[in-house]
Amino acid sequence: MKKRRPKATKPAKKARAKETSQTGADEITQSAAFRRATADAESYVRDSKRLRKLVADAVGKINIIPRGPFTDTWPYLMSMIRMIREYDRGEYRDISSPKLLIIVAAIIYFVSPFDVIPDWIPVLGHIDDAFVVGLALKSVRGDLDTFMAWETSRI
């Protein structure tokens, strides 16, 4: 009697899901909208008027979007916006330039209605925004934690 080898369907499914997820991630990070946001970030940091407008646009958007896609990142998205505001005011400067640019680029992408998945598509339109915020968060979480501790110490 021959022994049957167990099928390896679960690992293959996981591998396909990871490939699909990575393909979607690559599509977002290679998109014109993402590249434009990262290229524009430095000019925003140098221009206080543009930075204030970015903060105002972000605050306006967070008041109308569903929080579902941002479940895990919502507090950090809010702190990114507050950090940019405090940086612009000259109140908080304890962040390196590259990390600040990552945060600004993520918020530029977040406020842009014309990105990989247009924002006018209910719920789905914010999934790519949440992905970009999460991607930025991987690089700047420690800096945001430091910023939030600074905020708390001022109270």
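**Ground rules.** I am working with a predicted model, where local features need pLDDT of at least 70, side-chain atom pairs count only at pLDDT 80 or more, and totals for chains, interfaces and linings use all residues. Residues are numbered from 1 along each chain as its sequence is written, and side-chain values use heavy atoms, with hydrogens and water left out.

**Helix H3.** I looked up helices as DSSP runs (H or I, at least four residues), numbered from the N terminus. H3 has 15 residues and spans 21 Å from first C-alpha to last, close to the 21 Å expected at 1.5 Å a residue; the expected span is 1.5 Å times one less than the number of residues.

Next I asked which residues of H3 are buried. Buried means under 20% relative accessible area, exposed over 50%, and partly exposed in between, with a 1.4 Å probe and protein chains only. I found Leu51, Leu54, Val55, Ala58, Lys61 and Ile62. They cover an arc of only 130° around the axis, which puts them on the same side of H3; the arc is taken from the directions from the helix axis to the C-beta atoms. The face turned away from that buried side carries exposed Lys49 and Lys53. Among what covers the buried residues of H3, I noted H2, H4, H5 and H6.

**The core.** A nonpolar core is a set of buried Ala, Val, Leu, Ile, Met, Phe, Trp, Tyr and Cys residues joined through side-chain atoms within 4.5 Å. The largest one here has 40 residues, and Leu77, Met80, Val104 and Ile107 have the most contacts inside it. H5 gives the most to this core, with ten residues. I then followed Ile107: leaving aside residues up to four places away in sequence, Ile107 touches Leu54, Ala58, Leu77, Met80, Ile81 and Ile84. Contact means heavy atoms within 4.5 Å.

**Rings.** Rings of Phe, Tyr and Trp (its six-membered ring) pair if their centres lie within 6.5 Å; planes under 30 degrees apart are stacked, over 60 edge-to-face, the rest tilted. I count five aromatic pairs. Phe70 and Phe110 are edge-to-face, 5.8 Å centre to centre with 85° between the planes. Phe70 lies in the loop between H3 and H4 and Phe110 in H5, so the pair ties together parts 40 residues apart in sequence. Both Phe70 and Phe110 are buried. Ring pairs link Phe70, Trp74 and Phe110 into a cluster.

Definitions and conventions. Helix = DSSP H or I, 4+ residues; strand = E, 2+ residues; numbered from the N terminus.
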